[in-house]
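Subject: Structure handover

Hello,

Here is the structure I promised to pass on. Please open it alongside this note, and my findings follow below.

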Amino acid sequence: MAIDQYLRKRFFPHIWCAGCGHGIVLNNMLRAVDQLQINQNEMVMVSGIGCSSRISGYVDFHSLHTLHGRALAFATGVKMSQPNLTVICPMGDGDALAIGGNHFIHACRRNMDLTAIVMNNRIYGMTGGQFSPLSGTGITATTSPQKTIDREFDIISLSLASGATFVARTTAYHYKEITNYIKEALQHPGFSVVEILSQCPTHFGRRNKQGDATEMLQRYRQNTTSIGSEAKQKNPELIERGIFRQETAPEYCAEYAELINRAQQS
Amino acid sequence: MEKPKVKEHHIKRSWCKGCGICVSLCPKGVLELNEEHKAVPANASQCVGCRTCERMCPDLAIAIELEQEHETTD
Ligand SMILES: Cc1ncc(C[n+]2csc(CCOP(=O)(O)OP(=O)(O)O)c2C)c(N)n1
Ligand code: SF4
Ligand code: SF4
Ligand code: SF4
């Protein structure tokens, strides 16, 4: 298979549950790397802690499996010291936006050339199904037996407001978009955020009576639409998919190199 | 456009967890779960080579090999 060369096959079958969306993200992310023909010795994957973060163990790139919420902090260090490497940072919604929320907004603001992937299953999968800042209201979790009253973040609005220069969203159902948006993000010379709605049938699906993995995927098909579509105008509840921003701004590592240059000349 | 001819469905039995995603999403009803809950190409001749199963498998267990690919790699 085209993507076999990017896998550490000795760790398969992987630990994710049957039907977990995180595997679909891995599958189609590797196709992006393959289509761009990026040398795997020049790819670095940095992850934190969570089911989603286990992804870094399965890829035959340079990989760092770090601390919960701190993937972007470690990725920043890697990129500052080796700006020629391509750095990708897959995170869970809890990892990226609960414990890691502060790192996330500041990474967006700096505009360093990193690719952040948020694998958003709206729950803490690894620790047994506690609600996250992405669960939204009316959700049953182990920590909300009477359903959540907390409102959710909108990852897209948060990324845009914080200054990310490439921002996109899709779902585990829309596999071609996963590959295409990650390709765009990897090529973008600045901070990229790709949110991918990813099903957790084991905790989110089961507790919220959303059926099995296939039913959860069908829900992504029904509940989402392309940005600015007619369907969205008719039904504002639909979640938009697509590229929300793609623009260039001064990139942090380039600015830093420039600063060193200036200091050496003065 | 000519319909791509499928040479083989390579399914890694030990990687498949029997989630049924490929079975439900295949537009031609090609795949089934056997008694051990592993995906098998029960109606292989119906396959149109769209690769939905390959791309949607969370366990990276499926690879579709097309005739043309085989010829060009020869
Ligand atoms: C500093 C620290 N706090 C808490 C934890 C416990 N912990 C491990 S994973 C996790 C959250 C997992 O949820 P998410 O990041 O959304 O990823 P998922 O497992 O759903 O893919 C938590 C709270 C930890 N490992 N380290
Ligand atoms: S608990 Fe949820 S997120 Fe974790 S592997 Fe299972 S399905 Fe995936
Ligand atoms: S999608 Fe993959 S893991 Fe699920 S049944 Fe099909 S081959 Fe098995
Ligand atoms: S390639 Fe398409 S038609 Fe063939 S088995 Fe897979 S999903 Fe079905």
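Start with helix α2 of chain A, residues 71-81. Bear in mind that this is a predicted model. Which residues of α2(A) are buried? They are Ala71(A), Leu72(A), Ala75(A), Thr76(A), Val78(A) and Lys79(A). Seen down the helix axis, these buried residues of α2(A) fall within an arc of 165°, so they line one face of the helix.

What do the buried residues of α2(A) pack against? The strands are β1 (43-47), β2 (62-65), β3 (86-92) and β4 (115-120). The helices are α4 (101-110) and α10 (252-265).

Next, the ligands. Around ligand 2 you will find Trp16(A), Cys17(A), Cys20(A), His22(A), Cys51(A), Asn121(A), Gly125(A), Cys200(A), Pro201(A), Thr202(A) and His203(A). Helix α7 of chain A (residues 201-207) gives the most to this shell, with 3 residues. By class, the shell around ligand 2 holds 6 nonpolar and 5 polar residues, and no charged ones.

Ligand 4 has 13 residues around it. The closest are Cys26(B), Cys47(B), Cys50(B), Arg51(B) and Cys53(B). The shell of ligand 4 divides into 9 nonpolar, 3 polar and 1 charged.

Now the salt bridges. How many are there over all chains? The search of the whole structure finds 13. Here are some of them.

- Arg169(A) with Asp154(A): the closest N and O atoms are 3.7 Å apart. Arg169(A) sits in strand β7 (residues 166-171) of chain A, and Asp154(A) in the loop between β6 (130-131) and α5 (155-162) of chain A. The two are 15 residues apart, and the pair links distant parts of the chain. Arg169(A) is buried, at 10% relative accessible area. Asp154(A) is partly exposed, at 36%.
- Glu247(A) with Arg245(A): their side chains meet at 3.7 Å, N to O. Glu247(A) is partly exposed, with a relative accessible area of 43%. Arg245(A) is also partly exposed, at 22%.
- Arg13(B) with Glu36(B): the closest N and O atoms are 2.5 Å apart. Arg13(B) lies in the loop between β1 (6-11) and α1 (21-25) of chain B, and Glu36(B) in the loop between β2 (31-33) and β3 (39-41) of chain B, so the pair ties together parts that are 23 residues apart in sequence. Arg13(B) is partly exposed at 43% relative accessibility, and Glu36(B) is partly exposed at 47%.

There is also a salt-bridge network. It links Asp4(A), Lys9(A) and Lys12(B).

Last, the aromatic rings. The count comes to 4 aromatic pairs over all chains. One of them joins Tyr6(A) and Phe61(A). This pair is tilted, with 6.1 Å centre to centre and 55° between the planes. Tyr6(A) lies in the segment before α1 (21-36) of chain A, and Phe61(A) in the loop between β1 and β2 of chain A. They are 55 residues apart, and the pair links distant parts of the chain. Are Tyr6(A) and Phe61(A) buried or exposed? Tyr6(A) is buried, and so is Phe61(A).

An aromatic cluster is formed by Phe12(A), Trp16(A), Tyr58(A) and Trp15(B).

Best wishes

Technical notes: Residues are numbered from 1 along each chain as its sequence is written. Chains are lettered from A and ligands numbered from 1 in the order in which they are written. This is a predicted model: local features need pLDDT of at least 70, side-chain atom pairs count only at pLDDT 80 or more; totals for chains, interfaces and linings use all residues. Side-chain values use heavy atoms; hydrogens and water are left out. A residue is near a molecule or strand if one of its heavy atoms lies within 4 Å of it. Ala, Val, Leu, Ile, Met, Phe, Trp, Tyr, Cys and Pro count as nonpolar, Asp, Glu, Lys and Arg as charged, and the others, Gly among them, as polar. Buried means under 20% relative accessible area, exposed over 50%, partly exposed in between (1.4 Å probe, protein chains only). Helices (H or I, at least four residues) and strands (E, at least two) are DSSP runs, numbered from the N terminus. The arc is that of the directions from the helix axis to the C-beta atoms. Contact means heavy atoms within 4.5 Å. A salt bridge is a side-chain nitrogen of Lys or Arg within 4 Å of a carboxyl oxygen of Asp or Glu. Rings of Phe, Tyr and Trp (its six-membered ring) pair if their centres lie within 6.5 Å; planes under 30 degrees apart count as stacked, over 60 as edge-to-face and the rest as tilted.
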